[in-house]
Amino acid sequence: MCGIIGVENNKNAAVLTLAGLLTLQHRGEESAGITISGREKMRTFKAMGLVSRIFNEETLLNKLHGTVAIGHVRYTTSSKSSLINAQPFQISCIHGNISVAHNGNITNFPKIKELLLEKGAIFSHTSDTEILLHLIAMSKGSLTDIIAKSLRKLEGAFSLVILKDRTLIGARDSNGFRPLVLGKIDNSYIISSESAAVEVIGGKYIRDIKPGEIIVIEDGQIKRSLIYKKVRRQTSCIFEQVYFSRPDSVMFEQTVKEARVKMGEYLAQQMKNIKADIVIPVPDTGYFVALGFSRASGILFENGFIRNHYVGRSFIKPSQKLRNLTATLKLRPIGEVVNGKEIILIDDSIVRGTTSKRLINILKEAGTKKIHFALSCPPITDSCYYGIDTPNREHLIAANNSVEEIKKYLNVTSLNFLSLDNLVKACSSSNKKNDVFCVACFTGKYPIKTSKSR
Ligand SMILES: O=P(O)(O)OC[C@H]1O[C@H](OP(=O)(O)OP(=O)(O)O)[C@H](O)[C@@H]1O
Ligand SMILES: NC(=O)CC[C@H](N)C(=O)O
Ligand code: SF4
Ligand SMILES: [Mg+2]
């Protein structure tokens with residue numbers, strides 16, 4: 001998952017974009033970048049690492065002048081985690097200087113790249129996003145037309161912010177896999193992956209960018225908004241509510257926090273025969289699920305872990321070595337809370353199993369008597385090709401083991417997964433049909449086939 005943001009018509013565009021990126025840091029920790037433009041020449045500044053390490057006062061004041069900016073935090077899901085693939089990608093072409101920041105994965109990238117290479121195109125990045133810039137550079141027409149034409153050629157998941165001179169453009173693929181919202185601060189529009197980033201920088205969330213929509217904004221005015229490709233079926237990623245998004249962001253007319261509380265309530269219904277002394281969340285994502293569980297079951301909520309806030313998230317780290325290290329450093333049980341207790345331990349998901357095995361071991365070392373482990377989604381049995389890094393089924397613990405085998409491996413008293421029906425109910429607003437979600441990593445039924453999908 002990556003985080004993207006764009007701010008236009010604002011003399012503080014750089015600072016607001018930076019604040020937005022800090023708010024979206026949970027979506028990608030590997031690299032970050034900002035492109036800024038306005039009266040002066042377009043410039044991009046990007047580097048590997050966390051936003052706070054890359055952007056300081058000196059970078060901002062000396063290098064980032066302008067009134068329109070886009071920013072990106074990267075979680076690698078195509079090619080390598082390296083500086084050449086850090087975004088935004090800024091190019092110079094027949095249409096002038098253009099910069100783009102992308103969240104998602106373009107599933108027909110290999111095919112398009114091959115065609116472009118045959119035509120003599122030269123690539124300077126290795127990830128999927130660059131093909132869009134080639135398609136734009138080779139198209140003719142107005143800015144909106146060339147973007148629409150180019151996007152129609154892409155398949156898969158792409159929420160985008162694009163910058164050209166003083167124009168900010170937002171676009172979303174027609175399945176609506178990844179979120180993208182429109183907001184406003186004073187006379188400036190904001191486009192962001194999540195509504196939390198709009199609100200943290202002082203703006204107001206207006207609406208979601210629709211699946212298949214392009215929106216063109218300049219000088220504080222929406223110049224055009226069009227549906228470039230009709231939605232056949234909206235399939236927004238349900239894992240956004242489960243794991244990726246911030247609890248204070250709005251999705252499907254409710255906050256992610258509300259969805260997670262409901263997941264906890266449904267889990268409590270599913271597990272009504274299990275009694276325990278306390279309910280403990282695995283920070284951070286398990287927090288609101290455990291709260292919902294506790295309210296619905298009447299079992300006392302307790303904080304059983306101290307979380308180290310300086311090591312980031314474990315699942316999104318780019319190598320198993322880093323994931324192991326983060327999982328080891330991230331959480332420490334509080335002995336006096338768990339010692340001698342029968343607990344319900346709540347996390348959002350088991351993906352590779354890196355976190356859960358460690359947690360259960362350290363809880364036992366701290367004297368926990370019995371552990372009922374509960375997850376706020378079904379077993380993850382299939383890879384994601386739309387912007388989450390679970391490329392090999394052999395790395396997914398639930399792809400190769402039954403629930404009973406995982407229970408034995410984790411050595412827990414019971415293992416409980418939220419049912420798919422209950423997950424969909426928790427994430428839906430009351431007036432939406434169920435098929436607005438992609439649930440392929442739980443079912444293997446992919447809304448868009450790729451060469452690798454089952
Ligand atoms: O089975 P695994 O491969 O270990 O992945 C799943 C775990 O990783 C995540 O936590 P993470 O540390 O990434 O983020 P969080 O602190 O926001 O919950 C998630 O909440 C699970 O705890
Ligand atoms: N997870 C993402 O959204 C990443 C965007 C893009 N596919 C990249 O790898 O850079
Ligand atoms: S496969 Fe899973 S993680 Fe990927 S888009 Fe679909 S629901 Fe989200
Ligand atoms: Mg977690």
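I then looked at the contact (C-beta atoms, placed from the backbone, within 7 Å), which takes 21 residues from domain 1 and 16 residues from domain 2.

A note on my source: this is a predicted model, where local features need pLDDT of at least 70, side-chain atom pairs count only at pLDDT 80 or more, and totals for chains, interfaces and linings use all residues. Residues are numbered from 1 along each chain as its sequence is written, while chains are lettered from A and ligands numbered from 1 in the order in which they are written.

Next, the sheet. I found an open sheet of five strands in the order β18-β17-β21-β22-β23, with parallel pairing; strands here are DSSP E runs of at least two residues and helices H or I runs of at least four, numbered from the N terminus, and a pair needs at least two DSSP bridges. The edge strands are β18 (300–301) and β23 (414–417). I counted four bridges between β17 (residues 278–281) and β21 (residues 342–347), and saw I280 opposite L345 in β21.

Then the ligands. Around ligand 1 I listed 20 residues (C-beta, placed from the backbone, within 6 Å), with R313, F315, R352, T354 and T355 coming nearest. Helix α13 (residues 354–365) gives the largest share of this shell, three residues. Around ligand 3 I noted residues including F177, C237, C384, C438 and C441.

Key
Contact = placed C-beta atoms within 7 Å.
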